[in-house]
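Okay, thanks for coming, everyone. Let me put the structure up and then walk you through it.

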Amino acid sequence: MTMIRLEDVSKVYRTDRIETLALDRIDLTVEDGEFLAVMGPSGCGKTTLLNLIGLLDTPSEGTVHLAGEPIRTRKDRALAKIRNRTIGFVFQSFHLIPDLKVVDNVEIPLLYRDLTAKERRRRALHALDQVGLSSRIDHFPGQLSGGQQQRVAIARALVGEPRLLLADEPTGNLDSAMGQEILSLLEEVNREDGTTVVMVTHDPAMAERARRTLRLYDGRQVA
């Protein structure tokens with residue numbers, strides 16, 4: 001089954017004085033269960049591509065399909081529901097709420113679902129166990145290392161059991177050893193759970209761990 005399909009997708013950002021072509025006629029297919037790395041220099045359109053796949057933005061031209069469904073005509077409320085139930089996001093900056101405990105940070109995506117507090121807590125504890133942080137549930141983000149905070153962010157992305165995990169430079173703020181641990185965790189989620197993973201990275205060694213690499217340059221596909 002095809003998880004992601006982009007057909008002739010372009011994205012243009014316009015202001016009063018300037019027009020910037022961020023993506024130029026991208027055609028991309030990602031199958032269910034695939035692990036895709038996206039590489040290219042800064043400003044080449046990697047994050048824009050991830051935002052389009054993650055339904056955080058819409059293309060100027062072309063069509064985005066997610067799990068076989070065209071997305072362009074969906075209303076904002078419907079897009080938010082799809083994001084919450086289908087997609088997990090992991091960013092370079094962890095985006096944890098500092099005055100919430102780890103377990104409460106992980107529960108946040110579940111607040112938008114019709115679940116009891118008991119079920120939300122059960123799922124959050126399970127997600128933290130997946131990333132090896134069961135002993136840190138009552139800690140605050142500031143009490144954790146950078147690698148542990150990224151693990152919490154991954155647990156938050158996984159708590160809703162998404163079919164698609166989007167990771168934007170997930171190891172960019174970590175040292176090489178911790179980066180390898182985070183990448184191993186993404187590989188495990190892909191291999192064991194069958195979760196489709198799309199990861200933006202500058203690091204060729206990280207990209208080599210993916211099953212396939214898409215390269216962008218000036219908004220165009222080059223490989």
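So, what volume does the largest pocket have? It comes to about 530 Å³. Before I go on, the ground rules: this is a predicted model, where local features need pLDDT of at least 70, side-chain atom pairs count only at pLDDT 80 or more, and totals for chains, interfaces and linings use all residues. Residues are numbered from 1 along each chain as its sequence is written, and side-chain values use heavy atoms, with hydrogens and water left out.

Back to the pocket. By pocket I mean, on a 1 Å grid over the protein atoms alone, an open set of points where a 1.4 Å probe fits, with protein on both sides within 12 Å along at least five of seven lines; lining residues have an atom within 4 Å of a point. Points are joined across faces, edges and corners, and the volume is the space filled by probe spheres set on them. There are 20 lining residues, and the closest to the centre are Arg83, Asn84, Ile87, Phe89 and Pro109. Helix H2, strand E6 and helix H5 (146–158) each give two or more residues to that lining, with H2 providing the largest share, 6 residues. Helices (H or I, at least four residues) and strands (E, at least two) are DSSP runs here, numbered from the N terminus.

Now the sheets. One is open, with 6 strands in the order E6-E7-E8-E3-E9-E10 and mixed pairing; two strands pair if DSSP finds at least two bridges between them. E6 runs parallel to E7 (residues 164–168), joined by 5 bridges, and Val90 has Ala167 in E7 as its bridge partner. Two helices pack on this sheet. H1 (residues 46–53) touches E3, E6, E7, E8 and E9, its direction making about 155° with that of E7. H2 (residues 76–86) touches E6 and E7, at about 75° to E6. Contact means heavy atoms within 4.5 Å; axes are lines fitted to C-alpha atoms, for helices over the stretch in contact, and angles run from 0 to 180 degrees between N-to-C directions.

The other sheet I want to show is also open: 4 strands, E2-E1-E4-E5, with antiparallel pairing. E1 (residues 2–14) and E4 (residues 61–66) pair over 5 bridges, and Leu6 sits opposite Val64 in E4. H1 turns up here too, lying across E1, E2 and E4 at about 125° to E1.

Last topic, salt bridges: a side-chain nitrogen of Lys or Arg within 4 Å of a carboxyl oxygen of Asp or Glu. How many does that rule give? The count is 14. One of them joins Arg220 and Asp24, 3.1 Å from N to O. Arg220 is in E10 and Asp24 in E2 (residues 19–31), so this pair links parts of the chain 196 residues apart. Arg220 is partly exposed at 44% relative accessibility, whereas Asp24 is buried at 18%; buried is under 20% relative accessible area, exposed over 50%, partly exposed in between (1.4 Å probe, protein chains only). Arg122 bridges to Glu119 at 2.8 Å, and they're about one helical turn apart because 3 residues separate them in helix H4 (residues 117–130). Finally, Asp104, Glu107, Arg120 and Arg121 are linked in a salt-bridge network.
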